[in-house]
Protein chains: 4
Amino acid sequence: MNKPSSRWIAETETHIEFFDLDPMEIVWHGRYVKYLEMVRGVLLDTIDYNYRQMKASGYVWPVIDMHLRYIAPAIFGQRIKLRAEILEWENRLKIGYLITDAQSGRRLTRASTTQVAVDIATREMCFVSPPVLLERMGIAAC
Amino acid sequence: MNKPSSRWIAETETHIEFFDLDPMEIVWHGRYVKYLEMVRGVLLDTIDYNYRQMKASGYVWPVIDMHLRYIAPAIFGQRIKLRAEILEWENRLKIGYLITDAQSGRRLTRASTTQVAVDIATREMCFVSPPVLLERMGIAAC
Amino acid sequence: MNKPSSRWIAETETHIEFFDLDPMEIVWHGRYVKYLEMVRGVLLDTIDYNYRQMKASGYVWPVIDMHLRYIAPAIFGQRIKLRAEILEWENRLKIGYLITDAQSGRRLTRASTTQVAVDIATREMCFVSPPVLLERMGIAAC
Amino acid sequence: MNKPSSRWIAETETHIEFFDLDPMEIVWHGRYVKYLEMVRGVLLDTIDYNYRQMKASGYVWPVIDMHLRYIAPAIFGQRIKLRAEILEWENRLKIGYLITDAQSGRRLTRASTTQVAVDIATREMCFVSPPVLLERMGIAAC
């Protein structure tokens, strides 16, 4: 069992575009999945294990679970801060997210995603994360 | 506390379009939120309380929580069956979803969304569902 | 030079979902590209030359030109009829589109897309459509 | 008749996210409409006449025509430069776009959009651009 660490955290900022708004003039709830992926990409770049490197390592990492809690809406033009942190890695890659208003720091959305490694060659799901993930994270494999 | 009932269930079918696929040639996980909304619309139509009637009743119902579990991927052209069921209504509107392969019945995705009523006039969140929801569901208000 | 023919036409219907609306409560203009692809898929199915068969034939057909003229907006719940017709095929695949209100027949949007064949093996663009397209269309190659 | 001027040009950069890719591992052609809107927003901010100010001035400006020419595909992680320029303004707002590879300057996509003013109060389309647009552009009304 591993516990949350502050070693694998990434942050980025973006702002709300018109095309992500719904008739309430707030971001449509389904559009937040993009924000999660944006900052997840930044996080995975820091350990040099983003989409391309995953594929080159012989694995794809589909999302098998996603949970979002919407605390406050986001509106047109608003600058938001996206934060992602690796929470689990041994058997699956679980990432926690926090989206805040960039100026006030007010919490807007909390989320998590869980991915598992699938061996590209055999198409089989791995019940333990392949060593390449831990190598990239700079920790000894279990 | 209310328990799941089979009275408020809706189903519809659709098929997988090219524009929802990712480089793995499967539906990108964020795109499933659309499928949830498609069948939620069908469900809300059955109780005559979809987006327009909500607004006319003085409330909007933002999604405050969403959870998806991806069991198996969906591919180009695949026909999928979408099923939605109202699970809770007293204080919030919680809907459960099941997406299956239309032909084999194989489970692809499970999900749930929770919405709360917000009074359009006061912009305040309601901690108890407004009577209009229960009226539309044909049950006595608590 | 070939001229429009009524032999390669397809139609389908859909309705406007909430997630495609913008703050004006009309379909966001960029979302129409999906409607074009939906009916293009129906059209390409009629000649058995949709995405999968294209790939199996050794070609991909990227869109190189797209033009949309928006005549009237579409609103939540509206049923729309999508119509696609092959306009050119000798050197490129040009398809014309008409989106109308399903009930009144009122014109909403006109569009066209142009695709060219790219040989998957050589990654080269074909300046003349490969014979497989004309075979599927049931016409003699030029 | 007005001719293109270099006074109303804006540029911004972004990079290609995974969620915008299609099975060819390139950006799906319909997703480019977002890039156009991203840089159009930057351009309209420079004349202080973006979505909010348009609405406050009593007008909405729906897109009535859009044309895209795809020259070369964009791939995962690629940095792209977005450029927008006001081409016409007297009767309608026509903007031209150029998307290039940020590093090499290679042209990827050319596009244009045309918007017309619609009076929010009367819901009527304006055949001449309202004076507010020209004021914001810093030119004398015709």
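Predicted model: local features only at pLDDT ≥ 70, side-chain atom pairs only at ≥ 80, totals over all residues.
Residues are numbered from 1 along each chain as its sequence is written, while chains are lettered from A and ligands numbered from 1 in the order in which they are written.

Student: In what order do the elements of chain A run from the N terminus on?

Tutor: Helices (H or I, at least four residues) and strands (E, at least two) are DSSP runs, numbered from the N terminus. Chain A has three helices and seven strands. Their order is β-α-α-β-β-β-β-β-β-α.

Student: What is the radius of gyration of chain A?

Tutor: The radius is taken over C-alpha atoms, and the globule rule is 2.2 Å times the number of residues to the power 0.38. For 142 residues the rule gives 14 Å, and the value for chain A is close to that, so the chain is as compact as a globular protein of that length. The radius of gyration is 16 Å.

Student: Which element gives the most to the side of chain A that touches chain B?

Tutor: Residues are in contact if their C-beta atoms, placed from the backbone, lie within 7 Å. By that test, the contact takes 16 residues from chain A and 16 residues from chain B. On the chain A side, the elements giving two or more residues are α1 (32-46) and β3 (63-70). With eight residues, the one that gives the most is β3(A).

Student: And in β3(B), what is the bridge partner of D65(A)?

Tutor: Strands pair if DSSP finds at least two bridges between them. β3(A) and strand β3 (residues 63-70) of chain B pair in the antiparallel sense over five bridges. For D65(A), the partner in β3(B) is R69(B).

Student: Which element of chain B is included in what covers the buried residues of α1(A)?

Tutor: A residue is buried if 20 or more other C-beta atoms lie within 10 Å of its own, exposed if 12 or fewer, and partly exposed in between, with C-beta atoms placed from the backbone. Buried residues of α1(A) include Y32(A), L36(A), V39(A) and L43(A). The cover from chain A includes β1 (9-15), β3, β4 (79-88), β5 (93-101) and β6 (107-115). From chain B, it includes α1 (32-46).

Student: Where does a positive phi come just after α1(A)?

Tutor: The helix α1(A) itself has 15 residues. Just after this helix, a phi of about 50° is taken by D48(A).

Terms used: Contact = placed C-beta atoms within 7 Å. Expected span 1.5 Å × (residues − 1).
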